[in-house]
Amino acid sequence: MGGRAGSLGFFAAFLRRHPLYALGYAIVLGMVVIAILAPWISPHSATQSIPGAFLLPPSWAHPFGTDQAGLDVLSRVLHAPRMDLTIALLGTLISALLGSALGAFVGYHEGRSGAAGLVSLAVLRGSDVLQAFPVFAFALALVAVFGQSLESIIFAIVFVSTPIYLRLMRAQALALRGRNFIEAAVIAGASDTVILLRHIIPNALGPILAQTSVNIGMAILLTAGLSFIGAGVRAPTPEWGNMIAMGYQNVITGQWWPSLFPGLALSITVFGFALIGASIEILSDPGKRRALGDLRGRG
């Protein structure tokens, strides 16, 4: 209990000393709250047009204006995180679990003889092939092959993100497998599975968690990009990418609001996840934690 309270105290002091990172947590927490409460806080329907309200500029009745379909932009901006965050979180979580498991296996067995070493080499070379393709073009091809659906978008995110975690976990496993506590586990008769699950993966979670936060932002951008070109979430489902796509043509005629506000929401959310990733990188590194000094005492 005391250790948990001490960790929370350190985290609070860290955020006080680094308000920019605190802003990142506030942004993400705010977007999660908005996604949960959107049906109750939205002033209008996010999918039903308002008769006669086409491309109305921002006003008291419609703070973000309306789009060319007569939909309230504010209501759609508030509903969009429900779709964007769900897709990004699911895709990133699956890719992190799969990539970390493969990376731990590859790193622990790399360079060794036997079937495990050959499988490790094959998985690593397969990862190299996947990473040779441009991420967005590869995701677009996957959606085209498997059809335009939420499942296809999530699958595309998993496919393009898994090699990132594989490489990251592999590097951690290579560094850890020669440590004394790993050798002691081997001498004690622990199986490879036990060593991976109890010793390798738990000690490599810091960089994985930091990358996960960054990848959630990347997944949001990827989802928005696919929707922007018509290969992602279909309109009128509120999603930031298709909202920008629906409104960008009106910018040249002076109706800037249908694209500006969803674009700002998208940018701010990705920025928030990037800040969280940077903070986790510091908090998970013992050397960087020591460099911070006694934050609780100074805070």
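**Exercise 1.** How many of the eight residues of helix H10 (residues 240-247) are buried?

*Solution.* Start with the model. It is predicted, so local features need pLDDT of at least 70 and side-chain atom pairs pLDDT 80 or more, while totals for chains, interfaces and linings use all residues. Residues are numbered from 1 along each chain as its sequence is written, and side-chain values use heavy atoms, without hydrogens and water.

Next, the terms. Helices are DSSP runs (H or I, at least four residues), numbered from the N terminus. Buried means under 20% relative accessible area, exposed over 50%, partly exposed in between (1.4 Å probe, protein chains only).

Now count. Seven of the eight H10 residues are buried. They are Trp240, Gly241, Asn242, Met243, Ile244, Ala245 and Gly247. Their cover includes helices H2 (19-41), H3 (73-109), H9 (205-228) and H11 (257-283).

**Exercise 2.** Classify the ring pair of Phe64 and Phe261: what are the centre distance and the plane angle?

*Solution.* Apply the rule: rings of Phe, Tyr and Trp (its six-membered ring) pair if their centres lie within 6.5 Å; planes under 30 degrees apart are stacked, over 60 edge-to-face, the rest tilted. The count comes to ten aromatic pairs. For Phe64 and Phe261, the centres are 4.0 Å apart and the planes at 5 degrees, so the pair is stacked.

Then place the residues. Phe64 lies in the loop between H2 and H3 and Phe261 in helix H11, so the pair ties together parts 197 residues apart in sequence. Phe64 is partly exposed at 23%; Phe261, at 16%, is buried.

Finally, Trp256 and Phe261 form a tilted pair, 5.9 Å centre to centre with 50 degrees between the planes.

Notes:
Helix = DSSP H or I, 4+ residues; strand = E, 2+ residues; numbered from the N terminus. Contact = heavy atoms within 4.5 Å.
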